[in-house]
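I opened a notebook page for this chain and wrote down what I looked up, one topic at a time. The entries below follow the order in which I went through them.

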Amino acid sequence: MSGQIPVKPTADGIAASATAAKKDQGLPPVHLWNPPFMGDLDMQILRDGSWIHEGGRINRPQLVRLFSTILKKEGENYFLVTPVEKVGITVEDVPFVAVDVDMSGDGDARVLTFTTNVEDTVEAGPDAPIRVERDGQSGEPAPYVMVRAGLEARIDRKSFYRMVDVGEEREVDGEAWFGVTSKGAFFPMIPAKDLS
């Protein structure tokens with residue numbers, strides 16, 4: 001009906017829509033949803049994985065988990081998406097933090113399984129690559145693993161050091177690199193010449 005005032009999206013409304021759309025324990029099919037954009041929500045995900053709404057930390061892990069399941073990345077922008085609405089949020093670095101890594105197997109049969117701060121688990125491999133960015137000034141590494149659909153987790157320091165412990169040197173495009181292998185894929189982390 002024309003003349004209606006659009007309703008401003010709220011975190012509670014998004015949570016209610018997401019809960020209604022959730023049919024089982026699996027992830028909602030956000031890639032199939034294309035609802036209208038309703039504006040930006042005063043919500044951000046900090047570099048440490050904390051979720052902030054209207055200046056205050058969201059302290060309910062179940063609510064953070066729910067929001068994390070309806071997160072979608074389009075280009076460089078992040079949205080919370082339900083079947084009926086899409087709202088923009090701010091992400092300081094990437095939305096998740098990999099807080100643990102389990103390792104099984106050796107060599108090309110090794111599998112690195114990461115657990116995130118929102119209880120996702122992902123096996124690094126060809127479909128879930130690991131990448132490492134290095135700070136241009138300090139050279140400090142910033143490692144990431146793909147969790148799903150363009151959404152990455154920054155790998156925490158202790159998990160990164162555990163990866164380094166099982167790292168190896170291999171040639172990539174004619175250059176020696178130090179990196180890790182998971183599910184048969186080698187992920188270069190640092191040029192071998194830069195190792196001290």
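**Strand pairs and the sheet**

I began with strand β11 (residues 141–148) and strand β12 (residues 151–155), which pair in the antiparallel sense over 4 bridges. I noted that strands count as paired if DSSP finds at least two bridges between them, and that helices (H or I, at least four residues) and strands (E, at least two) are DSSP runs, numbered from the N terminus. I then looked up V145 and found that its bridge partner in β12 is A153.

Before going on I wrote down that this is a predicted model, in which local features need pLDDT of at least 70 and side-chain atom pairs count only at pLDDT 80 or more, while totals for chains, interfaces and linings use all residues. Residues are numbered from 1 along each chain as its sequence is written, and side-chain values use heavy atoms, with hydrogens and water left out.

Next I traced the sheet to which these strands belong: 6 strands form an open sheet with mixed pairing, in the order β9-β8-β7-β12-β11-β10. Its edge strands are β9 (121–123) and β10 (130–134), each of which pairs on one side only. From one strand to the next, the twist averages 40°.

I also looked for a helix against these strands, and found that helix α3 (residues 157–165) lies across β7 (96–104), β8 (111–116), β10, β11 and β12, running at about 30° to β7. For such angles, axes are lines fitted to C-alpha atoms, for helices over the stretch in contact, and the angles run from 0 to 180 degrees between N-to-C directions.

**The hairpins**

I turned to strand β4 (residues 71–74) and strand β5 (residues 77–81), which pair in the antiparallel sense over 4 bridges, with L71 standing opposite L80 in β5. The two strands form a hairpin with 2 residues between them, and G75 in the turn has a positive phi of about 65°.

Further along, strand β13 (residues 168–172) and strand β14 (residues 175–182) pair in the antiparallel sense over 5 bridges, and I found E169 opposite F178 in β14. This hairpin has 2 residues between the strands, and D173 takes a positive phi near 50°.

I followed β14 onward to strand β15 (residues 185–191), with which β14 pairs in the antiparallel sense over 6 bridges. The bridge partner of T181 in β15 is F186, and in this hairpin, which has 2 residues between the strands, K183 takes a positive phi near 55°.

**The core**

Which residues touch the most other members of the largest nonpolar core? Of its 47 residues, I listed F67, L80, I89, F114 and I130. A nonpolar core is a set of buried Ala, Val, Leu, Ile, Met, Phe, Trp, Tyr and Cys residues joined through side-chain atoms within 4.5 Å; buried means under 20% relative accessible area, exposed over 50%, and partly exposed in between (1.4 Å probe, protein chains only).

I looked at F114 in particular, and, leaving aside its neighbours within four places in sequence, I found it in contact with residues including A98, V122, I130, V145 and M163. Here contact means heavy atoms within 4.5 Å.

**Rings and charges**

I counted 3 aromatic pairs in the structure. The rings of W51 and F67 have their centres 6.1 Å apart and their planes at 20°, so this pair is stacked. Because W51 lies in strand β2 (residues 51–53) and F67 in helix α2 (residues 61–69), the pair ties together parts that are 16 residues apart in sequence. Both W51 and F67 are buried. F160 and Y161 form a tilted pair, 6.3 Å centre to centre with 45° between the planes. Rings of Phe, Tyr and Trp (its six-membered ring) pair if their centres lie within 6.5 Å; planes under 30 degrees apart count as stacked, over 60 as edge-to-face and the rest as tilted.

Is F160 buried or exposed? F160 is buried, with a relative accessible area of 11%, whereas Y161 is partly exposed at 45%.

Lastly, I noted that K86 lies over the face of F79, at 4.6 Å from the ring centre, and that the charged end of R131 sits over the ring of Y144, 4.3 Å from its centre. A charge sits over a ring if NZ of Lys or CZ of Arg is within 6 Å of the ring centre and within 35 degrees of the ring normal.
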